[in-house]
Amino acid sequence: MKYGVFTEEHEAVRKTIRRFVETELVPHVEEWEKQGYFADWVIPRMGELGFLSLRYPEKYGGAGGDYFMGIVLAEELARCGAGGLPMAVAVQTDMATPPIMQFGTEEQIKKYLIPALKGEKVACLGITEPNAGSDVASIQTRAVRDGDHWVINGRKTFITNGVRADFITLVAKTNPDLGYNGVSLFLVDKDTPGFSVTRKLEKVGMRCSDTAELLFEDCRVPAENLLGVENRGFHQIMWELQGERLIGAAGAVAGAQYTFEKCLEYARQRTQFGKPLIRHQVIAHKLAEMATEIEAARQLVYSTARKFAAGEYPVKEISMCKLVGGQVSFRVADAALQIYGGYGYMMEYGVQRSWRDSRLNRIGGGTDEIMKEVIAKSLGL
Amino acid sequence: MNIVVCLKQTFDTEAKITLDAGGKIERKGVSLIMNPYDEFAVEEALRLKEKDGGEVTVISVGESSAQDALRQALAMGADKAILVDPGEAELDEYATATILAKAISGLEYDIILGGFRAIDDGSAQVAGRVAEILNVPVVNVVTKLEVEGGKAVATREIEGGSELVEVALPAVFTAQKGLNEPRYPSMKGIMKAKKKPMQKMTLGDLGLEGQVAAKVKALSYSLPEPRKAGKIIPGEAAEAARELAKLLREEAKVI
């Protein structure tokens, strides 16, 4: 077993996903990056192939795999060469839907989770607002009970999948006087009157993923669309964030691995001063350092994932994974770009995309600074 | 309908082939796949089963790593697998076919499928030899196969076109590219592949211990010459062109 976690089944799944990525995704990536939107068929196709439900039980149409099946998916998607696509899929599989599985009613599971796992419905997660992100207790989007409905008003921004999503797992204030004890989750269909996508945002990287600004104006949501327990939303979303950060870290490390492999190949072939770059000690040492950093980050992700998979709630380690994963991925991309030199700065080489994409790993899902804050608190500081 | 598919595990198409110190093909560190032509055969078997029912058995002669290729077929939807370990026996196409035929003769079969060749040695002999030993017809390089009422109509590639043939079952068919688009193993299939029967046999189990030996032996292997560096002819275009033409004629001897 590789790393003591990957079984024959994991490797067989890995092989299949790799083949899918190479034959069905890679040929389109350049075009999707240019368009700033990957084709709508991707998520349904992945659903059809069972990739979105790998770690879900069979009764929900899944393959019944373990948590590491999700890691395999994240790792292999990273090899498509554009970070936006794995990010969108991670939102679908590891961010917007796990709360439905965890806190949802059978009805909600049937209406939202199962179609999402099949790729028939695209999901997005609405936490961040213009004035609050990681500070979830300060969000301003408001849900007010009115008979058998909730009336929602507010704005959300930086919402991955927000343009294409069929529904949103939304965080809103249900009791403004109670701080983080007054937050709840809702499932909102995109065709609900009062809900609109106001803008598709332009980003530095992760270009093929759509990012939206959303507006809720007297948006009336049926009472049964409250997800979980009223006013317990903060705890529920804190739980969600752990899975989000861990899978984000796994994806970041896998992206770094891919960038490293490409860079190594380049350094073997590129000759300067009469010998291949890898024969220059300064480059060889740089590559050694990159490989070491990646391996260290990966080992931390795997050992933390093992705890998470066993039902533990290792907030400190997950924050460390997210911090180191994001930082290593950007450092590796930056070092790779440097090794490519002038070519690295040209759009025709993929390394510039790794560099732009990986920058988000230090921001999205909680910034480096937020991670340090969480870690510091867990140290009693 | 009982369908048997013979398959082989080969090097990945992107594998870099090297020779070991003894001049044999280095197998260490190479990723292995199911021979792509055999994948067409597996897919065709599954389609026939889905249409008319029946059972698909996949069989391979090889060491234990070949289980991965068989498991892939099981994950795609095959029902059971047989792996014959040849032990110390030296294999050539004759020996492999002898083993396969012996194993298949103990099964019930209407159709035997295989890739028309393996991408590694490319000899395209084994399926035909199996048919000969089992005394059944063989149709090669099939690009379309229809089965009904104890017979099959197959389209096969011939020089400059295609041929439509009819054959009574049981028969052997070898798959050519274009026969179908193989499916991915299903995720649930992968999770369940280990629960499907995988019968492991030795030559002794088949009564072939000491009975098979290669008739053809490889004497040596050699890699293609590495590509030589190109030559750049400097100077003014007209002058350089003259020099180029001279070199092409006198040195490269291509014009």
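Where is the place of B:Pro170 in chain B? B:Pro170 sits in the loop between S9 and S10 of chain B. A cis peptide bond, with omega about 0°, joins B:Leu169 to B:Pro170. Most peptide bonds are trans, and most residues other than glycine have a negative phi.

This is a predicted model, in which local features need pLDDT of at least 70, side-chain atom pairs count only at pLDDT 80 or more, and totals for chains, interfaces and linings use all residues. Residues are numbered from 1 along each chain as its sequence is written, chains are lettered from A and ligands numbered from 1 in the order in which they are written, and side-chain values use heavy atoms, without hydrogens and water.

Now the sheet. Chain B holds an open sheet of nine strands, with mixed pairing. The order is S9-S8-S7-S10-S6-S1-S4-S5-S11. Strands (E, at least two residues) and helices (H or I, at least four) are DSSP runs, numbered from the N terminus. Two strands pair if DSSP finds at least two bridges between them. Strand S9 (161-168) and strand S11 (198-202) of chain B each have a single partner strand, so one side of each lacks a neighbour in the sheet.

Look next at S4 (residues 55-61) and S5 (residues 80-85) of chain B. They pair in the parallel sense over five bridges. Here B:Ile59 stands opposite B:Ile82 in S5(B).

Helices pack on this sheet. Helix H1 (residues 36-52) of chain B touches S1, S4, S6, S7 and S10 of chain B. Helix H3 (residues 93-105) of chain B touches S1, S4, S5 and S6 of chain B.

What of the interior? A nonpolar core is a set of buried Ala, Val, Leu, Ile, Met, Phe, Trp, Tyr and Cys residues joined through side-chain atoms within 4.5 Å. Buried means under 20% relative accessible area, exposed over 50%, and partly exposed in between (1.4 Å probe, protein chains only). The largest core has 158 residues. A:Leu85, B:Val58 and B:Phe173 have the most contacts inside it. Helix H7 (residues 233-269) of chain A gives the most to this core, with 14 residues. A second, separate core has 27 residues, including B:Ile59 and B:Val172.

B:Asn135 is not a glycine, yet has a positive phi of about 60°. B:Asn135 lies in the loop between helix H4 (126-134) and S7 of chain B. B:Asn135 counts as exposed because its relative accessibility is 69%. B:Lys253 has a positive phi near 55°. B:Lys253 lies in the segment after helix H6 (237-250) of chain B.

Technical notes:
Contact means heavy atoms within 4.5 Å. Axes are lines fitted to C-alpha atoms, for helices over the stretch in contact, and angles run from 0 to 180 degrees between N-to-C directions.
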